[in-house]
Amino acid sequence: MKLQIGERLKCLRKEKGITQEELAEVLGVSCQSVSRWELGICYPDIELLPEISDFFAVTADKLLGTDKLIEKDKVEAYLNRYQEAISHGDVNLCIQIAREGVDEFPNNYTLLNKLMYALFLSGDEDGNIPDWKENMKKYDTEITALGERIMKYCPEQEIRLEATARLAFHNCEMGRKKQGRTIYETLPSQQFCRESQIWWALDEDEKLPFSRNFIRQSYDHLRSGLYNIIYGRLLPDKDLILIYEKISAIDEIIRGEDAAHPRHYLAQLCCMSARVYARLGRTDDALRQLQIAADHAAAFDHCPKEGKAYSLLLGETNWKHTDFESADSRSCQEIMRSKWMAHSDFDAIRDTSAFQQLIQKLS
C-alpha cells in the first residue's frame with residue numbers, strides 16, 4: 001500500500017497554519033527535508049514519526065495515510081445517506097448525517113462542505129421549512145466559519161471553489177453584500193477556466209465526451225441566466241414571454257430526444273411563464289402553460305428511481321432521482337398547487353373552472 005504521509009503532512013501543516021520552515025525547526029530537520037516529504041520524494045525517518053504524530057495530535061495510522069481506505073468507505077456511506085435525505089427535502093436529516101460524519105472525520109472536507117450546504121439550505125425561503133428565517137441567523141456564524149476554513153485549507157480545488165461561491169452568496173443573503181462581492185471577485189473567470197482552455201491538450205478519444213460535457217455545463221449556465229431574467233422580471237412582460245420561448249427552443253435543440261425526460265425545473269418554469277401570460281391578460285395561454293407544468297410535475301413525482309437519457313449533443317447520461325436536491329420535502333405537484341399557483345398573478349383567473357380543475361388534479 002502506498003503511504004500518503006506527504007499528502008497528510010501537508011494538510012496537517014496547513015490546518016495548523018505553520019510553514020515548512022516552522023515545522024522543520026520544531027522537528028530539528030532542514031526545510032528541504034520537509035519539502036521532499038510533502039512532495040512524496042522520500043519519507044521521514046521512522047524515529048521521527050512519534051514526534052510528528054504528537055505535534056499534530058494524530059495517530060500514526062492517520063499520519064501515514066493507511067486509514068484512508070477505511071475512511072473512504074465510511075465517508076461514502078455518509079454521502080449516500082445524505083443524498084437520499086436531500087432528494088426528499090429532509091434538510092434536518094442532512095444536517096444530522098453531516099454532523100455525524102464530521103464528528104468521526106473532522107478534517108474531511110467533503111463532509112465539511114456537505115454540512116455547510118445543509119446548514120445553508122435550512123435557511124432557504126423557497127423550501128417548506130417553518131423556521132428558515134431563524135435558521136439563517138442561527139447558523140450564520142457556523143456557515144461562515146466552515147466556508148472560511150474550506151477556502152483557506154481545503155486542497156481539493158472544486159470543493160474549495162464551491163464553498164467559496166456559497167460563502168459569497170450567504171454573505172449577500174445576510175445583507176453583507178460588499179463582503180460577498182469581495183469573495184466572488186476571488187473566483188476564476190469563465191474565460192480562463194479549465195473547460196475553456198484544455199480541449200487542445202486532450203487525446204482524440206477524450207475530445208467528444210469532453211465537448212459534450214462542456215456543452216452540458218455551458219447550457220446549464222445559459223439556462224440559469226435566462227431563468228434569472230424571468231424570475232427577476234428584468235424585462236417587460238412581452239419580452240419575458242420571448243425569453244421563455246427561447247429557453248424552450250434551446251432546450252429542444254440541446255436535449256433533443258431527451259427533452260421529454262421529467263425535470264423539476266420545467267414545471268416551475270412553465271408556472272413562471274403562466275404568471276407572465278396572466279399578467280398580460282392572455283388567460284388561455286396561462287392555463288395552457290399551467291397544464292403543461294402540471295404534467296411535468298406529475299411526471300417528475302412518478303419517474304423511475306434511475307434511468308438513461310440520450311441526445312446527439314449531450315450523448316448518453318445516467319440519471320438518478322436522488323440526484324435532485326431540495327430544501328422542500330413536498331412533492332412537486334404539492335409545491336405547484338400550494339405555492340406556485342398561489343401567487344397573486346393568478347388572482348384574475350383563480351375562480352375559473354379550468355384553474356380549479358388543475359388544483360383538483362394536483363391534489
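Which residue forms a salt bridge with Arg81?

## Basis of the model

This is a predicted model in which local features need pLDDT of at least 70 and side-chain atom pairs count only at pLDDT 80 or more, while totals for chains, interfaces and linings use all residues. Residues are numbered from 1 along each chain as its sequence is written, and side-chain values use heavy atoms, with hydrogens and water left out.

The partner of Arg81 is Glu100, with the closest N and O atoms 3.3 Å apart; a salt bridge is a side-chain nitrogen of Lys or Arg within 4 Å of a carboxyl oxygen of Asp or Glu. Arg81 lies in helix H6 (residues 68-87) and Glu100 in helix H7 (residues 91-104), so the pair ties together parts that are 19 residues apart in sequence; helices here are DSSP runs (H or I, at least four residues), numbered from the N terminus.

By this rule the count comes to 25 salt bridges. Another of them joins the side chains of Glu38 and Arg13 at 2.6 Å, N to O, and both residues are buried, where buried means under 20% relative accessible area, exposed over 50%, and partly exposed in between (1.4 Å probe, protein chains only).

## A network around Arg275

Arg275 forms a salt bridge with Asp345, the closest N and O atoms being 2.9 Å apart. The pair links distant parts of the chain, with Arg275 in helix H16 (residues 264-279) and Asp345 in the loop between helix H18 (332-338) and helix H19 (353-362), 70 residues apart. Salt bridges that share partners join Asp237, Arg275, Arg279 and Asp345 into one network.

Key
Helix = DSSP H or I, 4+ residues; strand = E, 2+ residues; numbered from the N terminus.
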